[in-house]
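Student: I have a protein model to look at, and I would like to learn what the words used for it rest on. Could you take me through it?

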Amino acid sequence: MTLRLIPYLVLNGTASEAIAFYEQALGAEVLYKQTFGEMPENPEYPLPAEAKNLVGHATLKIGESHLMLSDTFPGQPHQVGDQVTICISIGDKADAERIYATLQEDGQVHMPLQETFFSPAYGSVRDKFGITFQIFTEDKQ
């Protein structure tokens with residue numbers, strides 16, 4: 001099982017500024033960056049025009065490590081103290097399901113594990129210790 005833990009920063013409209021800062025301060029290399037406006041539209045969550053340029057997802061390479069970040073989705077609360085989550089990036093859907101099921105025990109589901117346009121199994125859960133994990137399955141299976 002290939003499993004990586006990647007810090008994930010959730011910012012309140014300043015992700016682009018943070019990316020530029022980390023490029024300068026840490027020599028970060030942008031591996032991927034997509035705005036909310038570049039993502040497929042979801043009629044259940046209409047995107048306000050002023051949010052189209054906010055970062056929906058970015059991955060930076062810093063030295064031998066990766067850092068992921070995004071802005072808070074428009075209309076969702078931004079809670080100080082919840083800016084850093086851990087993304088569990090895994091290659092196997094069955095392993096993702098097992099890990100997600102275990103982490104949600106006595107925890108709180110933020111997003112059920114489900115297929116998305118970017119992953120065959122993605123979800124978010126806060127474990128019983130108050131730590132938020134995003135489970136991201138890399139490969140379609």
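Tutor: Gladly! The protein exposes about 8,400 Å², and carbon and sulfur atoms supply 52% of that area. Accessible areas come from the Shrake-Rupley method with a 1.4 Å probe, and for residues only the protein chains shown count as cover. This is a predicted model, where local features need pLDDT of at least 70, side-chain atom pairs count only at pLDDT 80 or more, and totals for chains, interfaces and linings use all residues. Residues are numbered from 1 along each chain as its sequence is written, and side-chain values use heavy atoms, with hydrogens and water left out.

Student: What pLDDT does the protein average?

Tutor: The average is 91, and 98% of the residues score at least 70. pLDDT is the predictor's confidence in each residue, from 0 to 100. Among the elements, strand 2 (residues 29-35) has the highest mean, 97, and strand 5 (residues 84-90) the lowest, 92.

Student: How many helices and strands does the protein have?

Tutor: There are two helices and eight strands. Both are DSSP runs numbered from the N terminus: helices are H or I with at least four residues, strands are E with at least two. From the N terminus on, the order is β-α-β-β-β-β-α-β-β-β.

Student: What makes the radius of gyration agree with a compact globule?

Tutor: The radius is taken over C-alpha atoms, and the globule rule is 2.2 Å times the number of residues to the power 0.38. For 141 residues a compact globule would have a radius near 14 Å; the protein has 15 Å, so the two agree. Along its principal axes, the C-alpha trace spans about 40 × 35 × 30 Å.

Student: Why does serine 124 count as buried?

Tutor: Buried means under 20% relative accessible area, exposed over 50%, and partly exposed in between (1.4 Å probe, protein chains only). Serine 124 has 11% relative accessibility, so it counts as buried. Its place is in strand 7 (residues 122-126). Leaving aside neighbours within four places in sequence, serine 124 is in contact (heavy atoms within 4.5 Å) with residues including Tyr100, His110 and Phe133. In the protein, 37% of the 141 residues count as buried.

Student: And why is glutamate 44 called exposed?

Tutor: Glutamate 44 has a relative accessible area of 65%, and therefore it is exposed. You will find glutamate 44 in the loop between strand 2 and strand 3 (55-62). Glutamate 44 and leucine 67 are 23 residues apart in sequence and 29 Å apart in space, C-alpha to C-alpha.
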